[in-house]
Amino acid sequence: MIETLEWTLLDGEHALLVKGDMRRARERFDYAYAEAAQRGEPDALARAALGLGGMWVHEHRTAAAAARVRVRQREALSRLDADSPLALRLRIRLAAEDDYRTGGHEAIMALAAEARAADDPVALAEALSLAHHCVLGPGDGARRMELARELIGVASRTGRRSDLLIGLLWRTVDLLLEADPHAERALGELRTALGGEGQQAIEFVVGAIEVMLSMRGGRFEQAEERAAACYERGMAAGDHDAPGWYVRQLAAIRWYQGRIGELVPLLSDLVNSPMLAAVDDSPYAGLAVAAATAGDRRLAEGMLARLRGGVLGDRPRTSTWLLSMYAIVEAADLLGDAELAARAAALLAPYAGLPVMTSPGIVCLGSVRHSLGVAAIVMGEPDAAVAHLRGAVHENLALGHWPAVALSRSRLGQALALRDGPRDEGARGQLALAAQEAEALGMHVPNRVAERVTCRPEGPQWRVELGARTALVDHCVGMLHLAALLANPGREIPAADLAAGSPDPAAPARMSAQRMLDGPAGRAYRNRLAQLDAEIAELEAGQRRQKARERRAERDWLVAELASAAGLGGRPRTFAGSEERARTAVGKAIRRAVDRVATADPVIGEELRATVRTGLRCSYDPG
């Protein structure tokens with residue numbers, strides 16, 4: 001009859017390695033450790049301490065639980081012969097935990113070599129699997145593939161089915177992370193190896209991968225149902241990753257549905273969860289996107305500020321790094337932060353050919369080139385954006401990631417419109433196709449193409465904008481007329497009204513005298529004058545004299561400009577004459593103004609030439 005301690009250890013090992021029941025395994029090993037410590041049996045103590053480490057790395061998430069297991073493993077190691085197989089396995093476990101926490105892999109790789117030299121297949125299998133955890137960041141694909149390949153081979157010597165399953169799982173994950181077209185074949189082989197025998201821990205990971213594949217297929221309802229079922233499976237197995245994986249998967253679904261802002265409360269809870277890995281910053285980035293989408297700029301900027309010393313700094317590239325960077329770029333776009341976008345793009349550039357995926361394949365957001373294209377849009381680099389986004393569409397098609405295809409195609413249309421104008425046939429074609437694809441998938445693709453030109457006075461110049469494009473143009477009479485038309489899109493304004501300075505589309509067609517600088521242009525001048533008065537007072541109160549002088553110079557220019565619109569004694573100047581004279585004068589003035597804009601930015605200039613009409617009645621019709 002097997003005595004109680006040995007039976008408890010065997011039960012724990014069977015629960016962990018055969019059934020994948022991590023919860024029961026912890027309970028059995030915890031009991032066995034206490035019993036072995038009381039009896040003073042070093043080998044049993046070591047087996048129990050090893051079992052407490054679990055299947056993967058960092059299974060004990062709270063600081064207290066992790067420290068307790070670490071102390072037990074060190075204590076068990078201290079009671080063993082340093083050259084024993086159990087001692088080697090304990091050193092492998094401790095090294096892997098240290099490397100994972102610090103983002104390294106040197107110690108665990110050295111111990112894998114030691115296990116290889118000792119010809120210890122069990123120790124080597126454990127070292128290979130744990131080492132794989134430590135090289136899950138982008139750029140380590142070749143090293144990971146070699147580890148998985150060797151583990152599958154070593155499994156034939158250990159006699160443990162779990163080693164083969166873990167090796168096949170890691171091979172599947174590696175192929176997914178590298179966008180290998182044979183990844184789903186590897187998943188099929190893993191499913192066959194699992195067969196009808198339950199292995200809860202690995203089945204939980206396979207279920208999470210299947211959620212991701214449903215999302216890539218655009219089957220959002222199925223993906224959400226599978227995510228909920230996967231969460232329940234993970235909780236039953238005792239996997240502490242279950243809550244975090246579920247929130248990430250739900251966030252990806254809501255992102256493509258255009259509903260990510262709904263998840264601010266859920267993501268806020270996840271950010272503060274003690275169950276998150278210490279090396280995982282992705283919840284901060286996800287919350288930044290959700291908050292920015294929901295209009296909470298302060299919360300979004302607060303989350304991004306936390307990341308500047310983390311994933312945006314010199315921290316190691318972890319398995320969630322690409323996911324974090326994707327979210328950071330999208331947040332930069334929502335917040336209009338070109339500096340942040342440029343910083344993220346520089347870090348992402350070496351990984352352009354990879355998919356944005358978090359290990360072990362639970363979420364995929366398409367090609368990294370999509371993020372590079374969005375960053376280029378934010379930075380005002382349309383040529384680069386077009387190149388990256390064309391590549392993203394192609395790579396997302398190869399992935400079979402239909403939501404990502406629609407999103408990248410929409411962004412490509414935006415980049416083409418930014419480069420060539422919103423009337424460009426290529427831009428309109430991509431946007432129309434993206435809208436069709438999105439409608440078929442039941443997803444939301446926002447229209448990000450600016451279809452209106454706007455302008456406002458800025459000192460002695462005018463700032464003319466079309467989306468992210470900007471042109472600064474010196475003042476001229478035609479800019480006053482153009483400002484009035486742009487402020488009243490779709491409305492016809494008599495040329496006589498523009499010439500007299502009072503663009504009132506509801507006024508009678510015939511007018512011989514009107515106030516100048518009434519309407520939108522005049523109001524813009526006067527609003528700026530009031531703003532300058534307030535700024536000058538504040539600067540002078542703060543003894544910032546140089547800035548105050550700059551603001552006063554702008555104020556003096558505006559006062560002179562307003563004065564030029566008045567006659568003797570400050571009486572309103574009038575425009576008197578025939579409608580034909582007004583048509584000629586206003587038409588020439590507007591065309592000269594548009595020429596100035598075109599010199600500063602040809603795309604905006606062409607858009608104005610296509611949308612501004614002059615004549616007896618003038619208009620700006622962006623539709």
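Visitor: Two strands count as paired if DSSP finds at least two bridges between them. In this predicted model, how many bridges join β3 to strand β4?
Guide: Strand β4 covers residues 461-466, and β3 runs antiparallel to this strand. Pairing requires at least two bridges.

Visitor: Which residue in β5 is the bridge partner of Val464?
Guide: Val464 belongs to β4 and stands opposite Cys455. On the β5 side, 6 bridges join β4 to β5, and these two strands run antiparallel. Within β5, the bridge partner of Val464 is Ala471.

Visitor: Which residues make up the uncovered face of β5?
Guide: The covered face of β5 consists of Arg469, Ala471 and Val473. The uncovered face of β5 consists of Thr470, Leu472 and Asp474.

Visitor: Which residue in the turn of the hairpin formed by β4 and β5 has a positive phi?
Guide: In this hairpin, 2 residues lie between β4 and β5. A positive phi of about 60° is found in the turn at Gly467.

Visitor: Are α12 and α13 roughly parallel or antiparallel to each other?
Guide: Helix α12 (residues 220-237) packs against helix α13 (residues 242-257) at an angle of about 170°, and their axes are 9 Å apart. Angles over 145 degrees count as roughly antiparallel. The relation of α12 to α13 is therefore roughly antiparallel.

Visitor: How many nonpolar residues does the contact of α12 with α13 have?
Guide: Residues of α12 in this contact include Phe220, Ala223 and Tyr231, while those of α13 include Leu250, Ile253 and Arg254. By class, the contact has 3 polar and 2 charged residues, and its count of nonpolar residues is 12.

Visitor: How many residues of α11 are buried?
Guide: Helix α11 (residues 200-216) reaches 24 Å from its first C-alpha to its last, close to the 24 Å expected. Just after α11, Gly218 takes a positive phi of about 75°. The helix α11 is mostly covered: of its 17 residues, the number buried is 14.

Definitions and conventions. Residues numbered from 1 in each chain as written. Predicted model: local features only at pLDDT ≥ 70, side-chain atom pairs only at ≥ 80, totals over all residues. Heavy atoms only, no water. Helix = DSSP H or I, 4+ residues; strand = E, 2+ residues; numbered from the N terminus. Axes fitted to C-alpha atoms, helices over the stretch in contact; angles between N-to-C directions. Parallel < 35°, antiparallel > 145°, perpendicular 65-115°, else oblique. Contact = heavy atoms within 4.5 Å. Nonpolar A, V, L, I, M, F, W, Y, C, P; charged D, E, K, R; others polar. Expected span 1.5 Å × (residues − 1). Buried < 20%, exposed > 50% of the residue type's maximum accessible area, 1.4 Å probe, protein only.
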